[in-house]
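Please keep the sequence and the model open beside the text while reading.

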Amino acid sequence: MTLAQILLFAEGDADGPSGLTLELATKARTLAGTVTAFAPAHGEAMAAELGAHGVSTVYALEGLGDGLVGVHAAAALVGHIDATSPDAVFFGQTTDGRDTAARLAVLADRPVSTNNVGAEVVDGGLVTEEPIFGGTQNIFTAYRAPAPALAMFRPKSFEAEPSGGGAAAVESVAAVDAGEAGRAKVTGRHAEERSGPQLDDAAVVVSGGRGLGQPEAYSMVDELAGLLGAASGASRAIVDAGWVPYAKQVGQTGKVVKPSVYIACGISGATQHLVGMKGSKNIVAINKDPEAPIFGVADLGIVGDVHKVMPALIEALKSR
Amino acid sequence: MKVVVCVKQIPDPAIPGELVPETGTLNRDDKLILDESDSYGVEMALQLAEAAGGGQVSLVSMAPRSETSGLRTALAMGADDAVLISDDALAGSDALGTAKVLGAAIAGLEADLVLAGVESSDGYTGTVPEMIAGVMGLPSITFAKQIEIADGVASVQRQTEAGYDQVECTLPAVVSVTAGVVEPRYPSFKGIMAAKKKPVDSKDLAALGIDAAAVGVAGARQETVEVTDAPEREAGEIITDEGDAHANIVEFLTELKVI
């Protein structure tokens with residue numbers, strides 16, 4: 001049994017939809033006869049790829065301007081949902097996805113199902129799957145409030161696959177006055193400089209943690225990543241300590257990565273971190289504590305000092 | 001300036017958690033402590049009040065059994081007073097139910113600024129601050145990594161997927177603070193002693209005028225249908241480094257055709 005319609009909160013930029021948006025479109029079309037999308041911005045630019053992933057119509061919000069996405073998207077979504085009656089609304093677990101779902105939850109007085117990695121339709125209702133206790137257990141939850149069910153999903157929960165469809169139709173949705181709640185304004189946008197493979201989709205990721213001892217030692221992570229054509233990542237501990245920017249954080253509150261090879265250097269493997277990387281195909285861990293939880297998920301674990309193993313590994317790779 | 005900080009008191013993350021079988025919600029029967037994620041909100045509030053040349057920092061928390069140990073930690077850091085909402089009917093509340101309660105409690109405090117951590121360490125939905133703003137009809141700026149207040153305007157660097165957005169908003173507003181953006185102070189001995197005497201105003205649902213059916217398990221309107229163990233990864237090869245373990249990594253990477 002499937003649902004009639006799932007509405008997808010579509011995020012992306014002038015180059016098209018985000019990977020997460022396409023993952024959700026792919027999943028949604030297995031659960032519903034019709035998949036539509038609501039785009040707070042870049043609706044036109046996303047239409048072709050969204051259509052190719054099974055979305056029939058993109059409803060593009062007009063006039064967001066310098067307003068924040070969450071409050072304005074939610075204000076427009078209330079009327080849009082009334083007019084189009086979707087059975088569920090899917091959001092990615094992103095900054096704007098969370099804001100929009102949370103505002104909409106208040107306006108529509110409905111719960112939001114969060115942190116999901118799976119979904120199915122049971123007896124005509126949505127059942128979502130959320131990993132708990134660091135991914136050691138999964139909890140399945142049936143949505144019992146009136147439709148539409150609001151559900152948010154973690155990145156990399158599903159594989160994005162085109163369905164072969166043509167470009168989605170684009171229809172404009174007029175902005176709705178969000179009142180006093182909408183008075184925050186974006187006055188500038190800053191993109192951090194990024195070079196080399198991106199953490200989200202790199203085939204190899206090298207990450208560093210507290211075991212590196214000091215911020216300067218992170219250069220070994222960068223060097224090793226450079227030699228392997230890998231992206232460099234980090235545990236929350238060293239991001240919180242200010243050694244590296246948040247953009248490098250892998251884990252529950254950072255990025256979810258599923259590379260072919262993940263190399264954890266001086267990372268003990270706190271639950272917070274494991275959640276973000278245990279889906280990697282192959283895991284190598286270097287840590288001096290043989291009891292470190294990271295060894296529980298490692299395919300190859302080296303009990304040793306990162307300050308000895310990493311330089312030796314770097315030298316060995318350089319001399320090849 | 002009056003700053004209200006939302007704080008959550010959670011089961012000690014160092015102790016393995018468990019579910020209440022009947023509801024599928026987290027067992028909160030043991031002692032609760034201040035969520036580390038919220039210590040950043042408390043620190044940010046104290047710094048903003050200091051920068052404004054003084055002000056009041058009030059805490060708001062919802063917890064079972066009139067739990068105050070986490071609140072006392074935040075009071076010991078320097079917050080002035082606290083409102084604690086505790087009611088048996090709140091057990092099993094979801095993010096929206098929690099926001100309804102916190103929003104109602106904050107509405108009576110005439111806050112210029114409401115701060116919260118981006119997400120709790122136990123539930124991590126990352127939706128409660130935005131929902132509080134929704135309940136109160138206030139603007140909100142989430143995922144803040146820097147906040148400056150001048151002339152009744154908050155200037156905030158809001159973390160985005162790409163970097164950050166500079167956002168401006170006249171007060172009052174709700175701002176959620178990401179972990180690690182300030183260094184939470186350790187309570188001093190003097191602070192710990194003073195915290196014991198700071199006022200904690202305890203309220204129940206009736207005092208906030210909230211219908212019990214709108215919160216708790218009933219208000220959450222979601223039903224746990226199954227809990228399963230996740231498949232474990234197969235145990236790998238563990239080697240103790242004797243000076244040449246790097247060769248094992250090279251061999252492993254070669255097999256995988258990474259090099």
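A residue is called buried here if 20 or more other C-beta atoms lie within 10 Å of its own, exposed if 12 or fewer do, and partly exposed in between, with the C-beta atoms placed from the backbone. Helices (H or I, at least four residues) and strands (E, at least two) are DSSP runs, numbered from the N terminus. The model is a predicted one, in which local features need a pLDDT of at least 70 and side-chain atom pairs count only at pLDDT 80 or more, while totals for chains, interfaces and linings use all residues. Residues are numbered from 1 along each chain as its sequence is written, and chains are lettered from A and ligands numbered from 1 in the order in which they are written.

**Helix α5 of chain A**

In helix α5 (residues 218–228) of chain A, the buried residues are Y218(A), M220(A), V221(A), L224(A), A225(A) and L228(A). These residues lie on the same side of α5(A), because they cover an arc of only 150 degrees around the axis, the arc being that of the directions from the helix axis to the C-beta atoms. Their cover includes β14 (204–208), β15 (231–234), β16 (261–265) and α8 (306–318) of chain A. Just after α5(A) comes G229(A), which takes a positive phi of about 65 degrees.

**Nonpolar cores**

A nonpolar core is a set of buried Ala, Val, Leu, Ile, Met, Phe, Trp, Tyr and Cys residues joined through C-beta atoms within 7 Å. The largest such core has 133 residues, of which L8(A), V58(A), F90(A), V5(B) and V175(B) touch the most other members. Apart from it lies another core, of 53 residues, and V205(A), V221(A), I267(A) and V306(A) are among them. For contacts, the criterion is that the C-beta atoms of two residues, placed from the backbone, lie within 7 Å. On that criterion, and leaving aside its neighbours within four places in sequence, F90(A) is in contact with I6(A), L8(A), F9(A), L24(A), A28(A), A151(A) and F153(A).

**Where the chains meet**

How many residues does the contact take from chain B, and how many from chain A? It takes 65 residues from chain B and 73 residues from chain A. On the side of chain B that touches chain A, the elements giving two or more residues are α3 (95–107), α4 (128–136), β9 (140–150), β11 (163–170), β14 (222–229), β15 (237–240) and α8 (245–255) of chain B. By class, that side of chain B has 31 nonpolar, 21 polar and 13 charged residues, where Ala, Val, Leu, Ile, Met, Phe, Trp, Tyr, Cys and Pro count as nonpolar, Asp, Glu, Lys and Arg as charged, and the others, Gly among them, as polar.

Strands also pair across the two chains, and two strands are taken to pair if DSSP finds at least two bridges between them. Strand β13 (residues 185–191) of chain A is joined to β11(B) by 6 bridges, and the two run antiparallel; within β11(B), G163(B) is the bridge partner of A191(A). Inside chain A, 5 bridges join strand β8 (residues 118–122) to strand β9 (residues 125–132), again in an antiparallel arrangement, and E120(A) stands opposite V127(A) in β9(A). β8(A) and β9(A) form a hairpin with 2 residues between them, and D123(A) in the turn has a positive phi of about 50 degrees.

**Backbone features in loops**

| Residues joined | Omega | Loop holding the proline |
|---|---|---|
| A147(A) and P148(A) | about 0 degrees | between β10 (137–143) and β11 (149–153) of chain A |
| L171(B) and P172(B) | about 0 degrees | between β11 and β12 (173–177) of chain B |

D109(A), a residue other than glycine, has a positive phi near 50 degrees and lies in the loop between α4 (95–108) and β7 (112–116) of chain A. With 14 C-beta neighbours inside 10 Å, D109(A) counts as partly exposed.

**Chain B and confidence**

Chain B comes to 8 helices and 15 strands, and buried residues make up 49% of its 259 residues. In its helix α2 lies L75(B), which is buried, with 28 other C-beta atoms within 10 Å. L75(B) and K196(B) are 121 residues apart in sequence and 8.3 Å apart in space, C-alpha to C-alpha. The mean pLDDT of chain B (the predictor's confidence in each residue, from 0 to 100) is 94, and 100% of its residues reach 70 or more. For the complex, the predictor gives an ipTM of 0.94 and a pTM of 0.93.
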